[in-house]
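Hi,

Here is the structure I promised to pass on. My notes follow below it.

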Amino acid sequence: IRQKKLYLNGSPAEDPHAHFTDSTLYSSADSTARQRDNLGPKTIPPGNIFVMGDNRDRSLDSRFWGFVDITKVRGKAFMIYWSWESFFNNFRWRRLGKLIE
């Protein structure tokens with residue numbers, strides 16, 4: 001990840017589900033948050049996956065807690081159950097129940 005842009009094997013990756021809510025861009029020198037906006041490169045060990053949330057600026061995912069053992073995966077997301085900008089307002093009604101491709 002370089003300046004919030006996802007790369008796979010050194011090339012920019014299609015990232016249609018990424019959503020950003022914070023215009024702040026943390027540099028790789030900022031040790032408190034560098035993995036959010038600048039990370040890697042990382043090599044994913046065999047039998048593991050690297051997971052990322054769609055709300056990239058607010059997700060605590062593999063950028064923070066590491067790889068996931070594939071044997072721990074129990075299913076695949078297929079639908080958006082609930083979606084909001086913040087806890088008490090800005091519900092994204094158009095996304096509720098939408099199937100994930």
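Is Gln3 buried or exposed? Gln3 is exposed, at 58% relative accessible area (buried is under 20%, exposed over 50%, partly exposed in between, with a 1.4 Å probe and protein chains only).

This is a predicted model, with local features needing pLDDT of at least 70 and side-chain atom pairs pLDDT 80 or more, while totals for chains, interfaces and linings use all residues. Numbering starts from 1 along each chain as its sequence is written, and side-chain values use heavy atoms, without hydrogens and water.

**Backbone**
- Gln3 has a positive phi, near 50°.
- Lys4 also has a positive phi, near 75°. Lys4 counts as buried, at 16% relative accessibility.
- The Gly40 to Pro41 peptide bond is cis, with omega near 10°.

**Pockets**
A pocket is an open set of points on a 1 Å grid over the protein atoms alone, where a 1.4 Å probe fits, with protein on both sides within 12 Å along at least five of seven lines; lining residues have an atom within 4 Å of a point.
- The largest pocket is lined by 24 residues. His17, Met52, Asp54, Ala77 and Ile100 lie nearest its centre.
- The second largest pocket has 17 lining residues. Closest to its centre are Ile1, Leu6, Tyr7, Leu8 and Lys42.

**Surface**
Tyr81, Trp82, Trp84, Phe91 and Trp93 make a nonpolar patch of about 630 Å² (residues with over 30% relative accessible area and no salt bridge, nonpolar side chains joined within 5 Å; a salt bridge is a Lys or Arg side-chain nitrogen within 4 Å of an Asp or Glu carboxyl oxygen; areas are Shrake-Rupley with a 1.4 Å probe). Trp82 is partly exposed, at 38%.

Best wishes

Notes:
Patches are made of residues with over 30% relative accessible area and no salt bridge: like charges are joined within 9 Å, nonpolar side chains (Val, Leu, Ile, Met, Phe, Trp, Tyr) within 5 Å.
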